[in-house]
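Please read them with the structure open.

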Amino acid sequence: MSVRRIAAVAAISAAAFLLAGCSAPPWLSGGGTPSPTPSATSTAAPVQNDLAAGAVTRTIEVGAITLTIDYWSTLPMDQWTAAANKPLSFSVHAVVTPADGQKVYLAKVTAVPVVAGPGGSLPAPEPIVDQASVAPGYLVLDPYSYSQTFIVPPLDSAATSLELTVKYELLLQSTPTSSDYAKQTAVDTLSIAIAPEG
């Protein structure tokens with residue numbers, strides 16, 4: 001048998017030996033000892049609080065109307081516990097672009113609460129509503145404004161957060177002397193952390 005043929009047979013034998021399942025040497029496999037897999041640690045994400053600074057201002061554009069809303073609470077945020085009656089005050093005024101003299105009225109405000117705890121959604125209070133008692137609504141064209149305080153009632157004791165979706169139903173005069181109105185709806189959402197008891 002020639003030297004070349006012997007070398008070829010040896011190479012085929014070595015390949016067959018490796019394919020038969022021979023494991024790699026320890027210095028190629030990290031020493032043969034599996035390294036421990038770090039366990040995942042989960043920490044609760046902080047609850048967003050739009051009123052953390054005590055007040056917040058939002059600007060919403062809807063059609064020709066720009067609505068500016070100031071929110072605040074007379075109750076310190078560390079006292080916004082589940083058991084407390086929680087006052088949310090807000091003031092609303094509007095401007096119209098272009099300003100052709102039409103007036104803007106607020107016909108209705110609805111605040112829909114959504115409550116959550118560590119395990120997910122919890123029972124929530126009924127929506128809080130203020131329907132205008134005058135027609136066509138409350139004048140909110142700057143410099144006039146609408147101010148109100150909604151009281152959020154006690155919540156489930158497991159509550160950690162409150163989300164309020166506030167809907168503002170507006171009426172815009174078609175012309176400065178018209179009794180025809182275009183309806184516009186602005187929607188805003190506030191996320192508020194619920195403080196632990198004690």
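1. Terms first. Two strands pair if DSSP finds at least two bridges between them. Helices (H or I, at least four residues) and strands (E, at least two) are DSSP runs, numbered from the N terminus.

2. Ground rules. This is a predicted model: local features need pLDDT of at least 70, side-chain atom pairs count only at pLDDT 80 or more, and totals for chains, interfaces and linings use all residues. Residues are numbered from 1 along each chain as its sequence is written, and side-chain values use heavy atoms, with hydrogens and water left out.

3. Start with strand E4, residues 104-117. Of its 14 residues, 10 are buried, so the strand is largely enclosed by the rest of the structure. Buried means under 20% relative accessible area; exposed is over 50%, and partly exposed lies in between (1.4 Å probe, protein chains only).

4. Which strands does E4 pair with? Strand E9 (residues 161-173) is one partner, antiparallel over 12 bridges. Here tyrosine 105 faces leucine 171 of E9. Strand E7 (residues 138-139) also pairs with E4 in the antiparallel sense, over 2 bridges. In that pairing leucine 106 stands opposite tyrosine 138.

5. Two further partners. Strand E6 (residues 128-131) runs antiparallel to E4 and is joined to it by 4 bridges. Strand E5 (residues 120-122) is antiparallel to E4 too, with 3 bridges. Glycine 117 has glycine 120 in E5 as its bridge partner. A hairpin of 2 residues connects E4 to E5.

6. Threonine 110 deserves a look. The residue sits in E4, opposite valine 129 of E6. Its relative accessibility is 11%, so threonine 110 counts as buried. Leaving out residues up to four places away in sequence, threonine 110 touches Pro127, Ile128, Val129, Thr165, Val166 and Lys167. Contact means heavy atoms within 4.5 Å.

7. Check the cis bonds. Most residues other than glycine have a negative phi, and most peptide bonds are trans. Threonine 97 and proline 98 are joined by a cis peptide bond, with omega about -5 degrees. Proline 98 is in the loop between strand E3 (86-96) and E4. Aspartate 142 and proline 143 are also joined by a cis bond, with omega about 15 degrees. Proline 143 lies in the loop between E7 and strand E8 (146-152).

8. Is alanine 84 buried or exposed? At 17% relative accessibility, alanine 84 counts as buried. Its place is the loop between strand E2 (65-72) and E3. Beyond residues up to four places away in sequence, alanine 84 touches Gln79, Val152, Pro153 and Pro154. Alanine 84 and isoleucine 151 are 67 residues apart in sequence, yet 9.8 Å apart in space, C-alpha to C-alpha.

9. Now the aromatics. The structure holds 6 aromatic pairs. Rings of Phe, Tyr and Trp (its six-membered ring) pair if their centres lie within 6.5 Å; planes under 30 degrees apart count as stacked, over 60 as edge-to-face and the rest as tilted. Tyrosine 71 and phenylalanine 90 make a tilted pair, 6.2 Å centre to centre, with 40 degrees between the planes. Tyrosine 71 is in E2 and phenylalanine 90 in E3, 19 residues apart. Phenylalanine 90 is buried, with a relative accessible area of 1%.

10. Phenylalanine 90 also forms a tilted pair with tyrosine 146, at 6.1 Å centre to centre and 45 degrees between the planes. Phenylalanine 90 lies in E3 and tyrosine 146 in E8, so this pair ties together parts 56 residues apart in sequence. Tyr71, Phe90, Tyr138, Tyr146, Phe150 and Tyr168 form one aromatic cluster.
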